[in-house]
Amino acid sequence: MQDPGAWAIHLSDPLCTDATVTGGKAATLAWLHAEGLPVPDAFVVPVAVFTTHCPDATPERRPPRPTASPELRAALKKVCTALCDDPEDRLAVRSSAIGEDGETASFAGAHATYYYVDPWNIEKSVVDCWLSLWSETAQAYRRSRSSGTGFAMAVIIQRMVQSERSGVCFTRDPTGGYPDCAVLESCWGLGAALVDGRVTPDRFLLDPEGRIAERRIARKRLKVAEGLRDPSDHRLEPVPLRLQSEASVTDIEAGQIVSMARRIAGLAGADQDMEWAIDGDELFVLQSRPLTTTAPVAPPAVDGRWVLFKPTAENFSEPFTPMTVDLLRRVLPPFGRFIHGRYYVNPDLMAMLLPWSLDDDTLTELLMMRPLSHDLPLDGRRILRMSVLLGIGYLCAGATWHRTARIALDSLGAFEERCQRVVEDPDLDPLRALVRLIVNDRPFRPLSENAVLANLASVRYFVLIEVLTGLLRRFAPGFDETKLSLLVSGGDAMLSQQMVEGIRTLAEVARSDEDLNRALQADTVDLQNTVLKLGEYHPFAIALERFMQRFGHRGVRELDLMAPRWREDNTSVLAMVRNFLRLDGSPRTDSYGLRLAAEDELHQALPSRWQRRLIDTLIGRIRYYVTLRENSRHYHTMAFAAVRSKLKQLEQNLINAGRLHCDDDIFFLEYPETLELAAGQLEWLDVEPRIRSRRIQHQELSRLRPPESFNMLTHVVRPVQEGNILSGDCACPGVATGTARVIHDPTIAAEMSNGDILVAPYTDPAWTPLFPGAAAIIVEVGSYLSHAGTVAREYQVPCLVDVQDCTRRIRSGQRLKVNATEGWVEIVS
C-alpha cells in the first residue's frame, strides 16, 4: 500500500510508534500492529500537521476553526482511496493526543471520535477532532490530573469495523473488588453505547485460569447500529427483543477476548484496558491503554454522619438516577439525604427516637437492621427524651396514627383512581404530580387515597414482632420460635401472592392451547411477537390484558423513575409465564394448614386463657400490618408509575423539538434543567455533555458497593466469607438442599426448576413469581423485614439474607445445603 506522505503515516511505518509524532493512542495501535495483533487498517495524521494548522494553540486559547491546507486535503484523499475499497465503505476518525492512553492519564472519552464517516466528510471530522482538545470534558480532565503532557493532537483515520458486538476488557478489576479477575463488558453493536453509558453491558469475571467466575447478563435495550449509513440519523436503535436478554458473547469468545487482553498486558508489562469489536467471526483490537485505576476509589468527602437506608438497598443495588434523586429530595422529610445516588439517614436523628445509649457500632448495626448479639441497656434520660418526642408526634399525628390502624385493605383501590386522575390532568407537571400523590396535603383525606402514608404506618409491626417474641419467651418458653413465621404471615390477602396466582393463571391459559404452550417454551422464540400474533380476542391475550390492568405498573427497580413498567414491556411477565409452564405445576405449600397446626401448638403452650387472647390479638395485628405493608406498596408504586408517565410525555415533546435526542436521557437531567429545555433556554448541545457525564458516573457507581456509613466511628468488620460455608441472617427458618440458580435480574433470567435454590443480590416484588418453586432463597442484601424475608415466610421457603458476596462465591449449577435456621449455606459441590 502506498503511503500518502508525511501528511498521513500508515500504521505499519516505524515512525508511527513514536508517541511524540502520532500521539499516545496511535503509537499504541502501531505497536500492537507490529506485534501481530488484529488492528483495523489505518493512517495517522501526525501531530506536526496539527501544529501547522494551529500554531498558536494553548490550553487556555482556542484558535479560530482552521481550514485544511491543500497538502492535507490531497493526503486525506489518498488515505480514503487506500482504505475504501467500495464507494459505500465508511471510516472511523479518532483522536490521538499527546499523553492520551498513557500510563498516568488516559483521557478516556475526553476527546472526539467519529464513526461511519463518509470520505467526502473526512476533512471536517479531522478538524473537529483537533478542536475537541478544548472540549469541556478534556479541559476538566486535564485540570484534575494537572497533566504535564504536551498540548497537541494527531488523528487516526481507520477502516470502519462493522461491529456486531463490542466492548471493553480490563485485565484486572479496575474497582479493586476482585483483584485476581479480569473483567469483560460487552454489548450489541458499537461500543460507543457502552462508553457513553447508554447501555448496561453484559459483565463477565474471569479468574487467572480463564474460567468464568461470574456472569451477569444485562437487558440491553439499545445499540449503536453496526451498519449505520446516514450520519444524520440518530445512532441509537432498539435491540431486537429476543437479543436483549441474550449474552452478547459466548463463554468461549469471552475467554478469547480476555486471553488477547492478557497477552497485551504481558507484552506491555502492565495491566490493560482494551477496547475490542467482533465483525462476523473476526475479533479486532480497537485500542489498549494501561489501567490508570487498579484500587478502590476513595469516595469524595461527605459532610455529616450518615447510615445507608437499608429498605431501599434491599430493593435494588444500583444508585437512583439523577432525575429520581432530584424529584424525591423535594418531597422527602429532612431525615436523610442522597449521596452518590443512594439514600442515607441521619443516625443522630434516629438515635433520638431510641431508648438506649448506643455507640456508633451498635447504632449502625441497628439501622442496618441486623440482629444484635447482646441486650441493650435502657437509658433513663433517653427514655424521657423519646417519650417527649413521641408525645409531640402523637399530638400532631395521633388521629392519623389511629386511622391507619383500621384501613380496610380492599379500600386502597381508591388510590389507583387518584393516580389515574393525576395522569389525565394536563395541568400537572411531573413535580406537581409527585407532590399531589406523595405529600399528605389534606390531613383529612381518606387514608384509602394515601397509600404512601398507609405504607409508613405499617412499619409499626416491626415493634410488634419484637413484643410478640418477648412475650412468647416469657409465657411459652417451650414453643418452637421457628414456627413464628407461620403465625404472622399475611395470607391470601397479600397482593404479591395474588400477583403470583395471576402468573400461574396465565400459564394455565397458555397450557390449554397446545401450539401456544409449545411456542412459549421454545428457547429461541420472540415471546412478545408470539403473543401479538394471537390477536386481541385470544383467551391468553384477554387474560394478559386483565393481569396488566392490575399489575402493569409493577417492574424491577420500580422505585426508580427510569425503570420501565410491565405495561410498557411485558417481556419479563411472559418469561415468568414460560417458567411456570416449564415447571409444569410447581408444588403449593399448604400454608393455611401449617398455620392452623402452629396456632394449635401455640395455644397448648400458653397456660392461661388471657395469655392466649393477648397473643392472638397481637398476632392478628401483625398479620394486618404485614399485609398492609405489602399491599400499600403495590399502590404507592402507582405514584411512581404516574410520574414516570408524565416525564416520558415531557421527554417525547423535547425529542420532537430537537432538544433531546434519545429515550431515557431525561432521567439523567435534573428537573429544573428540563424546564429550561422546554422554555428554549437550553438546547441539546448545552445538556448533551451533562447527560453523557452523568450516565458514565451512574454506570461507574453501579459497579461499586455503597459504603454502609459515612463519618461513623465504627469498628465492626463484617467477616470475610472464606471456604465453602457462607453465613447470613435467618429471614425464614428451614433446611434445604438443591442446585444453585444465581439470578441478577428476573427480567432476563426467570427460568428455574422446581427445587432450585435462588441466589440473588436483592429482591423486590417483581421477583415474587420466582419464590414458590424455590427450595430456598439466599440474598446478598436484606433483613428479616425485607421483601425477600416477608414473601419467603408467606411461601414457607427457607431464606437467608445479608449473605456477603453470595452472588460471586456461588455459581449456578453448584450443589448447596442451606440451614437458614442456623444462618449458613454450604457449597457442597
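# Close-up views of cysteines, strands, loops and a surface patch

**View 1. Cysteines without a partner.** The sulfur of Cys-84 has its closest cysteine sulfur in Cys-80, at 5.5 Å, which is too far for a bond. A disulfide here is a pair of cysteine sulfur atoms within 2.5 Å, and by this rule the count comes to zero disulfides. Cys-54 is likewise in no disulfide, its nearest cysteine sulfur being that of Cys-129, 12 Å away. Are Cys-84 and Cys-54 buried or exposed? Cys-84 is buried, with a relative accessible area of 15%, and Cys-54 is buried as well, with a value of 3%. In these legends, buried means under 20% relative accessible area, exposed means over 50%, and partly exposed lies in between (1.4 Å probe, protein chains only).

A word on the model before you move on: this is a predicted model, in which local features need pLDDT of at least 70 and side-chain atom pairs count only at pLDDT 80 or more, while totals for chains, interfaces and linings use all residues. Residues are numbered from 1 along each chain as its sequence is written, and side-chain values use heavy atoms, with hydrogens and water left out.

View 2. Look for strand β3 at residues 91–97, where seven of its seven residues are buried. Helices (H or I, at least four residues) and strands (E, at least two) are DSSP runs, numbered from the N terminus. In a regular strand the side chains alternate between the two faces of the sheet. In β3 both faces are covered, with Leu-91, Val-93, Ser-95 and Ala-97 on one side and Ala-92, Arg-94 and Ser-96 on the other. Two strands pair if DSSP finds at least two bridges between them. Strand β4 (residues 113–117) pairs with β3 in the antiparallel sense over three bridges, and Val-93 faces Tyr-114 of β4. Strand β5 (residues 153–159) is also an antiparallel partner of β3, over seven bridges; there, Ala-97 has Met-153 as its bridge partner.

View 3. Strand β21 (residues 757–760) runs parallel to β22, and four bridges join them. Among the paired residues, Ile-757 has Ala-776 of β22 as its bridge partner. β22 and β23 run parallel too, joined by two bridges. Here you can find Ile-778 opposite Leu-800 of β23.

View 4. Most residues other than glycine have a negative phi, and most peptide bonds are trans. What phi does Asp-802 have? Asp-802 has a positive phi of about 55° although it is not a glycine. For Asp-805, also not a glycine, phi is positive at about 60°. Asp-802 counts as buried at 6% relative accessibility, and Asp-805 counts as buried at 16%.

View 5. Glu-209 is in the loop between β8 (202–206) and β9 (212–216). Glu-209 is exposed, with a relative accessible area of 57%. Its side chain makes a polar contact of 3.3 Å with the side chain of Arg-211. A polar contact is a pair of N or O atoms within 3.5 Å; within protein, one must be able to donate a hydrogen and the other to accept it, and residues adjacent in sequence count only if both atoms are side-chain atoms. Arg-165, in strand β6 (residues 165–170), is buried at 12% relative accessible area. A polar atom of the Arg-165 side chain lies 3.2 Å from the backbone oxygen of Ser-248.

**View 6. A nonpolar surface patch.** Which residues make the nonpolar surface patch of about 520 Å²? They are Leu-353, Leu-384, Val-388, Leu-389, Leu-390 and Ile-392. Leu-389 sits in helix α13 (residues 380–404) and is partly exposed, with a relative accessible area of 31%. Patches are made of residues with over 30% relative accessible area and no salt bridge, joining like charges within 9 Å and nonpolar side chains (Val, Leu, Ile, Met, Phe, Trp, Tyr) within 5 Å. A salt bridge is a side-chain nitrogen of Lys or Arg within 4 Å of a carboxyl oxygen of Asp or Glu. Accessible areas come from the Shrake-Rupley method with a 1.4 Å probe, and for residues only the protein chains shown count as cover.
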